[in-house]
Amino acid sequence: MALSFIEGNEAVALGALAAGCRFFAGYPITPATTVYNAMLKYLPPEGGVCLQGEDEIASIGYCLGASMAGNKVLTATSGPGISLYSEQISFAIGSEIPLVIVNVQRLGPSTGSATKGADGDIQFMRWGSSSGLPVIVLAPVDVADCYRLTVHAFNLAEQYRCPVFLASNKEIAMTRESVDLDAIDLPDIVTRKTADRTKPFLPFATPSDDIAPEFLPIGDQTLVRQTSSTHGVNAYITVDPDEIQAFQIRLEKKLNAHVDEFTLFEQDLDPHAGTLVVAYGVTARAARVAVAASRAAGKPVSLLILKTLWPVSERLIVDTAAAYDRVVVAEMNMGQYVREIQRLLPGKTVSFLGQMNGNLIKPEQIREVI
């Protein structure tokens, strides 16, 4: 593909296509609608299916059904839609259904401001289900990231059989940039592991307590049971406390035990700096400018850009911050991810810059805190 002038939402659609996605269902909502528009353009020529559900609940339900039938699936929405997705997200967690959800965040609460960006859903994406069990959340910084991280999101959904969020933002999603997609290094494509059809099939059996089960599609020759209720390895409902506890531990451990394997980030470290700036999403772009300007003014500063937000990349954050006396966290909300930084770095000074007024955080604001 030649050099393209595209927005983040279109890059997500192209990344999904590159990852092997052939099913999309969603409901129009600003600023996520152009993901749907792009999938409507790209999927049918590839033999894929793109449809608009009657609402958000139906749309994610279509995706879960298509995933259980063996498809790689994508849906996209924004704040109010994520709220409506919540029950089905719990279903995907508990029944280990691969699913990629693009959350193009906008200013809330409630309907809020449809044309203003924010990062107000960061905690909701992690805790917005009825279990407290972990999910994976990736945060792109720019259009190139939207393409690259979408492929990573599909790989992780397939490998760990779980919902994976792409935590975009109106400013990333609807800003056009020149990008050469062919020059972007993509990971090898991952597909969920298929079970041996010649052996008795237990839908949720695993050889260890930190991996996802092998997969067989619903509607195939082998009978596959599925339920949203608490179940054993045979997919039948269970009330056995030992079996239930083992199931919950595995759902937690299959992600938290492997987070270092899918920790995505950027670092720009100065060995002479006493301050480390931590940012993610579109605010990371302002942080880059602020750090460069501070260095030009004779004040060395280091930068850590987080692209895997959940599960928290604890080892990365602790190890990177070890050399610094002070950490500055900037995010487009009133203080959500900074809580994780404070939790991990109790002995350090953690300064916070946040706002949620519809405007981007400017490099000058970050420099003032530095």
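**Reading the packing**

Modeller: Let's start with a contact list: Glu56, Ile57, Ile60, Gly61, Leu64 and Met68 of H3 meet Gly81, Leu84, Tyr85, Gln88, Ile89, Phe91 and Ala92 of H4. By class, nine of the residues in this contact are nonpolar, three are polar and one is charged. Please keep in mind that the model is predicted.

Biologist: How are the axes of H3 and H4 placed, and at what angle do they cross?

Modeller: The axes of H3 (residues 56–68) and H4 (residues 79–94) come within 8 Å and cross at roughly 30 degrees. Angles under 35 degrees count as roughly parallel, and H3 and H4 are therefore roughly parallel to each other. The hand of their crossing is right-handed.

Biologist: Which residues make the contact between H1 and H6?

Modeller: On H1 they are Gly8, Ala11, Val12, Leu14, Gly15, Ala16, Ala18 and Ala19, and on H6 they are Val143, Cys146, Tyr147, Thr150, Val151 and Phe154. This contact divides into 11 nonpolar residues, three polar and no charged. H1 (residues 8–19) and H6 (residues 143–160) pack at about 35 degrees with axes 7 Å apart, and their crossing is right-handed.

Biologist: Now to sheets. In what order do the strands of the five-stranded sheet lie?

Modeller: Read across the open sheet, and the order is S10-S12-S11-S14-S15, with mixed pairing. S10 (265–268) and S15 (349–354) are the edge strands, each pairing on one side only. S14 (residues 326–331) pairs with S15 in the parallel sense over six bridges, and Val328 stands opposite Ser351 in S15.

Biologist: Which helices lie across S10, S11, S12 and S14?

Modeller: H9 (residues 283–296) lies across these strands at about 170 degrees to S12. H10 (residues 314–321) also lies across them, running at about 175 degrees to S12.

Biologist: Let's zoom in on one residue. Is Thr275 buried or exposed?

Modeller: For burial, the cut-off is under 20% relative accessible area. Thr275 has 7%, so it is buried. Thr275 sits in S11 (residues 275–279), and beyond its neighbours within four places in sequence it is in contact with Val301, Ser302, Tyr324, Arg326 and Val328.

Definitions and conventions
Residues are numbered from 1 along each chain as its sequence is written. This is a predicted model: local features need pLDDT of at least 70, side-chain atom pairs count only at pLDDT 80 or more; totals for chains, interfaces and linings use all residues. Side-chain values use heavy atoms; hydrogens and water are left out. Axes are lines fitted to C-alpha atoms, for helices over the stretch in contact, and angles run from 0 to 180 degrees between N-to-C directions. Helices (H or I, at least four residues) and strands (E, at least two) are DSSP runs, numbered from the N terminus. A crossing is left-handed if the near helix is turned anticlockwise from the far one by less than a right angle, and right-handed if clockwise. Contact means heavy atoms within 4.5 Å. Ala, Val, Leu, Ile, Met, Phe, Trp, Tyr, Cys and Pro count as nonpolar, Asp, Glu, Lys and Arg as charged, and the others, Gly among them, as polar. Buried means under 20% relative accessible area, exposed over 50%, partly exposed in between (1.4 Å probe, protein chains only). Angles under 35 degrees count as roughly parallel, over 145 as roughly antiparallel, 65 to 115 as roughly perpendicular and the rest as oblique. Two strands pair if DSSP finds at least two bridges between them.
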